[in-house]
Structures are given as structure tokens and as C-alpha cells.
Amino acid sequence: MMGRRALGRRFGWLWAAYAVSSYGSGLGFGALPLIAVLVLHSGPAQVAALSAAGRAVGALVAVPLGPWVEFRRKRPVMVAMDLTRFAALMSVPAAFALGRLSFAQLLLVSVVTAAADIAFKAASGAYLKSLVPPEDLLVANSRLESTTWTSTVVGPPLGGAAIGLFGPVTTVVADAVSYLLSALGIRAIGRTEPRPARTGAPRLRVGDLLEGWRHILTHPALRPLFFNTIVVNGLIMASQPLLAVLLLGRLGFAPWQYGLAFAAPCVGGLVGSRLARRLVARFGQHKVILTAGALRACWPVGLAFVRPGVTGIVLIIAVQLGLVTCCGLFNPVLATYRLDHTDPDRVARTLSAWSVSSSAAIAALTAVWGLLAAITSPRTAIAVAGVLLLTTPVLLPRRENAPQNTREQAASLT
């Protein structure tokens with residue numbers, strides 16, 4: 001059984017740190033947009049701008065971070081990014097307590113946390129590949145993915161209740177403290193990490209900045225997966241602030257109802273992530289990616305038909321259950337496939353390039369959809385995103401490619 005497979009003490013600490021920060025993020029689900037709506041009384045255009053500008057500028061700041069991470073020890077980078085996110089998020093309750101909280105500060109916090117997220121993911125992905133044997137990467141990624149969805153099941157309802165009981169910035173504090181605890185957990189992994197060898201010039205070069213994109217765009221299987229994921233993620237995430245405005249504003253959902261409607265279906269993500277290894281063993285990596293990748297695009301259009309009351313909550317839960325089950329299956333298989341097809345000396349740059357592009361696409365589409373919602377309505381904009389998602393399976397790769405190490409082994413035998 002996948003759950004009984006031992007991956008060692010060091011992975012255990014990494015997993016524990018990841019779990020703490022995931023549960024904190026679950027509690028703080030949509031915290032900044034919620035604060036913008038509930039405290040600053042922002043409209044759909046401002047909420048969309050908060051998500052878009054934070055991601056866009058954060059992605060721009062993160063562009064040089066990929067090469068910077070590549071040639072540094074990964075654990076110190078991860079700790080530094082956790083502490084950066086802790087400090088940025090804690091500034092929100094501090095300003096709120098002093099009566100000085102502003103929309104500009106929320107934008108700045110969004111930028112800093114977005115850039116730190118990208119750098120952390122690049123470092124953690126490279127560190128995971130060095131920590132876990134190749135045959136156990138899917139097990140490790142599935143455990144991390146299942147933790148994400150478990151925390152999303154528990155976190156948002158508790159976060160919504162906490163907001164109702166203790167005020168709108170409560171979950172931001174919880175999220176910030178979780179990053180501090182995550183930093184301590186990563187620090188506890190121990191052992192000296194060797195400094196990555198650097199070839200060529202010691203200073204950052206343009207080629208270093210572009211190496212991640214070069215690898216993705218010249219790889220026959222990563223390229224279509226890259227375009228598929230950034231479009232799918234962009235369209236899904238562009239709808240999230242509009243859903244917050246629609247549900248919390250026009251349809252009159254309470255914060256706890258909003259959290260419950262998006263948390264309960266995340267059980268499906270846990271199920272999907274737990275099935276990933278078993279399905280890959282039976283059907284193969286490529287077929288699972290193709291099938292789950294196509295199915296995850298079929299659900300979001302249903303969110304355009306949400307109505308007030310119990311029927312609306314039931315519809316959201318049903319749509320999200322289908323979506324997150326497919327995502328829970330797709331994500332760990334994609335993460336493993338990406339690591340399998342990337343050499344160790346370019347993992348951080350590849351993951352950074354992927355995250356930067358995804359964040360930039362989400363930012364651009366969120367801005368466009370905010371404008372579309374302002375011109376038409378949030379419901380119309382959500383419907384348009386859902387219809388466009390139905391076309392995205394055409395971007396998935398049709399052919400299967402052997403992992404990089406498998407091709408190198410085959411070449412050495414000829």
C-alpha cells in the first residue's frame with residue numbers, strides 16, 4: 001500500500017512542514033479577497049485587480065529567483081521564503097489593529113507572497129528530487145497532494161467560522177504562523193546540504209533566466225502540458241474572485257457557507273491523489289495524464305448556474321467534487337512526470353519558469369475576467385471561462401515520451 005511505504009525521516013520532516021503550511025493556507029483560503037470585500041468593501045474589479053496585480057508583479061520579481069535558487073542550497077532558500085511569507089502576512093493584522101489597513105497594502109502583501117511562493121516551490125521541487133529515489137517520486141508527490149486536499153477540506157470551514165467569531169484577519173494570522181512553523185520543520189531536517197556546482201560565469205546570465213523556458217518549450221511532451229496547465233489554471237483561478245463577489249455579495253452567502261461549499265468537495269482531491277500511483281501502475285503515466293487532464297476541464301461551467309440557498313451550495317459542491325477529484329489525480333502525476341523529464345541541474349529553473357508563467361497567465365486572465373465581469377456580470381464571466389475550459393483538452397500531449405534518464409540509459413547501451 002502506498003500509505004505504508006517508508007520514505008525516511010528527512011522526507012517525514014519535509015512532509016510535516018508542508019502539512020503545517022498547507023493547513024495554515026487552508027484556514028486562510030481566499031483571505032485577502034475576503035478582507036477586501038468584507039473590510040474594505042471592494043467591488044469585483046478591485047478584487048480581481050488584487051489577485052491579478054499580486055500574481056503579475058510577483059511573477060516578474062520571481063523571474064531571476066529560479067537561477068538564484070538553482071545554484072544555492074535548497075533548504076536555506078525554503079526557510080527564507082517561509083519567513084518572508086510570515087512577515088508579509090503578519091503585517092495585515094498589525095495594520096488592521098492600528099486602523100491603517102489599505103488596499104495598497106493588500107496588493108503589496110499579495111506581490112511578496114506570490115514571489116516567495118514561486119521561489120519556495122522551485123527549491124522544494126529540486127530538493128524533493130534529491131531527497132527521494134526516482135521510483136518513489138510519485139509516492140512522495142501523492143502524499144503531498146493528498147495533504148493539500150485534506151487541509152482544504154478542514155481549513156476553509158474552520159477559517160469561515162473563525163472569521164465569524166474572531167474577525168476578518170484571524171485566518172491571516174493562522175496562515176502566517178503556519179509558515180513560521182514550516183520554517184522550523186524544514187530546519188529540523190538536518191544534515192549538511194552540498195552547494196550545487198556552478199559551471200560558467202559566476203554571475204547571473206540571461207541564459208540562466210531562460211534555461212527553464214528553453215527546456216520546457218523544446219521538450220515534446222512538457223511543451224503541450226505546459227500550455228495546457230497554464231490555460232486551465234488561469235481560467236479556473238480567474239473565476240475565483242468573481243465567485244467570491246457573486247456568492248458573498250449578490251447571492252448573500254455567509255463566509256462559513258462559502259468556505260463549506262469549496263471545502264467539502266476536496267475529499268475528492270484526497271481520493272484522486274491516493275489513486276494516482278495505483279492507476280499509473282495499471283494504465284501508465286501518459287494515459288492517466290491524458291484522461292484526468294481532459295476530465296478536469298469539464299466541470300467549472302456548472303458554476304455559472306449557481307443560485308442562492310441550499311440548492312446553490314449543493315451545485316457548487318457537486319461541480320467542485322468532480323473538478324478536484326480530477327485535479328487530485330492529475331497534479332501528482334504531472335509533478336512526477338515533470339521531474340522525471342528534467343535533469344537535476346535545471347530542476348529549479350524549470351519549476352520556476354513553470355510557476356512564473358502560470359502566475360503571469362493567472363494574473364492576465366484574472367484582470368481580463370475582472371473587466372469582463374464589470375462590463376457584463378460576474379455570472380457571465382464565470383460562464384465564459386467554463387466554456388473556454390471545455391476546449392483545453394486539445395492542448396494535451398498525444399504521444400508518450402520516455403523519461404530523460406531512460407533515454408540516456410538506452411543511448412549508453414547502443
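Just after helix α7, Gly 167 adopts a positive phi of about 115°. This is a predicted model, in which local features need pLDDT of at least 70 and side-chain atom pairs count only at pLDDT 80 or more, whereas totals for chains, interfaces and linings use all residues. Residues are numbered from 1 along each chain as its sequence is written, and side-chain values use heavy atoms, with hydrogens and water left out.

Helices here are DSSP runs of H or I with at least four residues, numbered from the N terminus. Helix α7 covers residues 137-166, 30 residues in total. From first C-alpha to last, α7 reaches 41 Å, close to the expected 44 Å; the expected span is 1.5 Å times one less than the number of residues. At Gly 155, α7 bends by about 30°, and Pro 156 follows within four residues. The bend is the angle between axes fitted to the seven residues ending at a residue and the seven starting there.

A cavity is a set of points, on a 1 Å grid over the protein atoms alone, where a 1.4 Å probe fits but cannot get out; a pocket is an open set with protein on both sides within 12 Å along at least five of seven lines; and lining residues have an atom within 4 Å of a point. A volume is the space filled by probe spheres set on the points, which are joined across faces, edges and corners.

The whole structure holds four cavities of 30 Å³ or more. The second largest cavity contains about 70 Å³ of space. Among its 13 lining residues, Phe 29, Leu 34, Pro 156, Gly 159 and Gly 160 lie nearest the centre. Which helix supplies the largest share of this lining? It is α7, with four residues.

The second largest pocket has a volume of about 170 Å³. It is lined by 11 residues, and Glu 135, Leu 138, Val 280, Gln 285 and Thr 336 are the closest to its centre. Here α12 (267-283) gives the most, three residues.

Is Gln 285 buried or exposed? Gln 285 counts as buried because its relative accessibility is 18%, and buried means under 20% relative accessible area with a 1.4 Å probe, protein chains only. Gln 285 belongs to helix α13 (residues 285-295). Beyond four places in sequence, the residues that Gln 285 touches include Val 280, Thr 336 and Tyr 337, contact being heavy atoms within 4.5 Å.

Notes: Helices (H or I, at least four residues) and strands (E, at least two) are DSSP runs, numbered from the N terminus. Buried means under 20% relative accessible area, exposed over 50%, partly exposed in between (1.4 Å probe, protein chains only).
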